[in-house]
Amino acid sequence: MIQGSCCCGAVRFELTAPPTMMATCHCTRCRKVGLSTFVFVDRASFRWVEGQDMVESYQPDPPYQFARCFCRRCGTALGEPLSPADDFPIAANCLDSDPGVRNRFHEFVAEKPAWYEICDGAKQFAGHPVRAP
């Protein structure tokens, strides 16, 4: 069982299975909403413990389409736990225990700030990841 929570503890959840992957996005939007490093979780493995009513959602203007969620008390970025998708990203910073996965790739490296150094060997993409044929 992997526990997750916001900074103030009002929002708590658990995962009954490890995330399917971890990645880091360096786009300006993800950096500003605190979702730079995220894990993808399967809907079936995600369970609210408490505080779902404390989750607010920010819907961006186009061309962005994915809503970002946060705790309305402390502002902790949560990822997309309110998404109706079968799998969705959760901010890795919300996990209270080791998720069992490590960073697979970095995306939008072209937007990375100069002060940030990538210090792992994960694959890097200038924009969205490109799948091998």
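Let's start with Ser5. Ser5 is buried, at a relative accessible area of 14%. Buried here means under 20%, exposed means over 50%, and partly exposed is in between, with a 1.4 Å probe and protein chains only.

A word on the basis. This is a predicted model, where local features need pLDDT of at least 70 and side-chain atom pairs count only at pLDDT 80 or more, while totals for chains, interfaces and linings use all residues. Residues are numbered from 1 along each chain as its sequence is written, and side-chain values use heavy atoms, with hydrogens and water left out.

Back to Ser5. Ser5 sits in strand E1, residues 2–5. Strands are DSSP runs of at least two residues, helices (H or I) of at least four, numbered from the N terminus. The side chain of Ser5 makes a 2.9 Å polar contact with that of Asp96. A polar contact is an N or O pair within 3.5 Å; within protein, one atom must be able to donate a hydrogen and the other to accept it, and sequence-adjacent residues count only if both atoms are side-chain atoms. Beyond neighbours within four places in sequence, Ser5 touches Val11, Arg12, Phe13, Cys94 and Asp96, with contact meaning heavy atoms within 4.5 Å.

Next, the rings. The whole structure has 6 aromatic pairs. Rings of Phe, Tyr and Trp (its six-membered ring) pair if their centres lie within 6.5 Å; planes under 30 degrees apart are stacked, over 60 edge-to-face, the rest tilted. Phe105 and Phe125 pair edge-to-face, 6.0 Å between centres and 85 degrees between planes. That pair links distant parts of the chain: Phe105 is in strand E10, Phe125 in the segment after strand E11 (123–124), 20 residues apart. Phe105 is buried at 11%, and Phe125 is buried at 12%.

Trp115 and Tyr116 are edge-to-face too, at 6.2 Å and 80 degrees. Trp115 is exposed, at 68%. Tyr116 is partly exposed, at 31%. Ring pairs also link Phe13, Phe46, Trp48 and Phe88 into a cluster.

Last, the largest pocket. How much space lies in it? About 580 Å³. Which residues are closest to its centre? Of 25 lining residues, Phe66, Arg68, Glu80, Glu107 and His128. Strand E9 gives the largest share of the lining, 3 residues. The lining divides into 16 nonpolar, 3 polar and 6 charged.Now the terms. A pocket is an open set of points on a 1 Å grid over the protein atoms alone, where a 1.4 Å probe fits, with protein on both sides within 12 Å along at least five of seven lines; lining residues have an atom within 4 Å of a point. Volume is the space filled by probe spheres on the points. Asp, Glu, Lys and Arg count as charged; Ala, Val, Leu, Ile, Met, Phe, Trp, Tyr, Cys and Pro as nonpolar; the others as polar.
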